[in-house]
Amino acid sequence: MALQSSKRVSTWIGGFLLVLPSIAAVAIFVYGMIAWTVRISMTDRISASVKEPKFVGLQNYTNLLSDTRFTHAFENLIKFTFVFIVGTTIAGFIMALLLEKGIKGEGFFRSFYLYPLAISFIAMGTVWNWLLNSNVDADAGGLNLLLQQVGLGFLQNSWYLSENGAAYALALPAIWQMAGYVLALFLAGFRGIPDDLREAARVDGASEAKIYRFVLFPQLTPTLFTVLIILGHVSMKVFDLIIGINGKSYVTQVVAVYMWESTFDQRNYAKGTAIAVVLLLLIALIIIPYLRWVIKQENENR
Amino acid sequence: MSADLLEKKVAPMANKRKRSGKEQFWLIFRYASLIFIWFLIVMPIYVLVVNSLKGIKDVYLVNAFDLPKSLDFSAWPVSWSGGEYFSAFSLGESMTRTLFFVVQSSIISAIIGSINGYIFAKWKFPGSNVVFTLFLFGMFIPYQAVMIPLVQLVTNMGINKSIYVLVMAHVIYGIPICTLIFRNYYASIPDELIEAGLVDKASRIRIYLSIILPLSLPAFVVVLIWQFTSAWNDFLFAIFLTGGSPKLAVATTTLNFITGSSNQVFYGLNMTASLIVSLPTLIVYIFLGRYFLRGLLSGALKG
């Protein structure tokens, strides 16, 4: 086969040389920088005044475990992730379910459902800051005002300023932004199911509800898997959204925000890099199996 | 490509027979739900728009949802120029500068992506699949994991106040996704086209330039839009690599703008500024949304 990489160097060397600059860039700036980050995280470079950092092993990591600010940020991240993943998956799935059969105006609805993905969270921070304002009753604006107007005034709350619910409240804007992504993935999933499957079930006299439950939904399991992985890794990285709405405030700090604060305000590079490595490990834990799965699928389809 | 599936025509009603009562009910139910969701999704942008038309001082939380009593565009020029309220920096200047660097980095990214994509799809070398997988992982990493050495590097080189640092960052960290989009696109081009070229003794580069490149327009649009949107909306690189200098990238300017540099916060200006910085990506989305969607699905490895 002419296109397969053959053993003769002259057939592939040209292409290899053309990609070499990119390989070098990724090797240095992705993998090299990660290695360097790990290295800093094992030194005592805890402030700008440390000129010659010494190796301290895993001390920065064990320090994180007893750092209540870190555990607080981590707890917030878990809370946020839970509401964000559940909320976005359900919202996106419902949207796909409403559209999948085809309906007049589908293009219109779909375009609007997806527009939040094109906007920066820093810019939307202003609006969400208002929508999630904590004023209630007569002073209320934003969602609290809307809740009053539809007769659900008892649901008013202080959103991201509440003591326990802050991290949950910030999942709302994230759901607003990412639901369209899930819609697109599920819609593509639905449309990828051969029509014959549905027809065959119908001929067999299955009800519509049963067709969904026993024929269509099982076909969407791989899509659901993709959705969960993508949302999971997006959630671990959440940063702009939090900064845009509530800045560095302690109550809504997540891991990425705490990393930023440690790096810039305290100039504690040792702590900053240790947090970054924890974040990387969390993401690698879900992304590496996903990559293997995608590649295996691709090879099977070939 | 999954994105094609979205465009697949689905007949709204397969046959023209009269709908049963039950079907009619579900159709109404679906429309009602779709419209309800539509309102929820549009609400934040509605709040931005109405409050940007209420002038500078007449904007209060309690009437956030009210339409303006009369159209007052006075917040627009002030937000753009900074004026007496934000003399330290001007959103307009920052946007122009950002546009300049974002366009540059998108074009460079697209060219690199196209060449890499061709090689990973049609001109493989031993181990190219492994290299490609390593590229893919680079797409998902949290950039925090490379940021501190990067900050040290640009600070030591004395280029941490330059906009070109951001161009380089977006180009380098954009290599994986741009390569992926082009590679998947080129993989769908039949091998026979290339074999025909080889039989005619054309070189691989000749084949790329005269056969592959002319077919690449859709992939170029996808990559350009993707890189444009992500670089424009980027906050992480901007805040780390330029030390949050409010004069460089638009995201950091916006943050400085909305958190207010003076003691008093003018909501009218905040809302208007947020809307103005969102316009470039929104306009791109409105006209080329289909291509944006392809980029998105590629990001999930579902392109």
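The text below takes the cavities, then the salt bridges.

The model is predicted. A search of the whole structure finds 2 cavities of 30 Å³ or more. The largest cavity holds about 1,300 Å³ of space. Its lining has 42 residues, and V234(A), K237(A), D240(A), W226(B) and S230(B) are the closest to its centre. Helix 10 (residues 217-233) of chain B gives the largest share of this lining, 6 residues. By type, the lining of the largest cavity divides into 27 nonpolar, 12 polar and 3 charged residues.

The second largest cavity holds about 50 Å³. Among its 13 lining residues, S120(A), A123(A), W232(B), N233(B) and V277(B) are the closest to the centre. Helix 5 (121-131) of chain A and helices 10, 12 (250-259) and 13 (267-299) of chain B each supply at least two residues of that lining. It divides into 8 nonpolar and 5 polar residues, with no charged ones.

Over all chains, the search finds 13 salt bridges. The table gives some of them.

| Salt bridge | N to O distance |
|---|---|
| E106(A) and R110(A) | 3.0 Å |
| R202(A) and E199(A) | 3.2 Å |
| R97(B) and E93(B) | 3.7 Å |

E106(A) and R110(A) lie 4 residues apart in helix 4 (residues 106-114) of chain A, and both are buried. R202(A) and E199(A) are 3 residues apart in helix 9 (residues 195-203) of chain A. R202(A) counts as partly exposed because its relative accessibility is 33%; E199(A), at 40%, also counts as partly exposed. In chain B, R97(B) and E93(B) lie 4 residues apart in helix 4 (residues 91-122). R97(B) is partly exposed at 26% relative accessibility, while E93(B) is exposed at 53%. Salt bridges with shared partners join K101(A), E199(A), R202(A) and E208(A) into one network.

Conventions
Residues numbered from 1 in each chain as written. Chains lettered and ligands numbered in written order. Predicted model: local features only at pLDDT ≥ 70, side-chain atom pairs only at ≥ 80, totals over all residues. Heavy atoms only, no water. 1 Å grid on protein atoms, 1.4 Å probe; cavity = no way out; pocket = protein on both sides within 12 Å on 5 of 7 lines; lining within 4 Å. Points joined across faces, edges and corners; volume = space filled by probe spheres on them. Nonpolar A, V, L, I, M, F, W, Y, C, P; charged D, E, K, R; others polar. Salt bridge = Lys/Arg side-chain N within 4 Å of Asp/Glu carboxyl O. Buried < 20%, exposed > 50% of the residue type's maximum accessible area, 1.4 Å probe, protein only.
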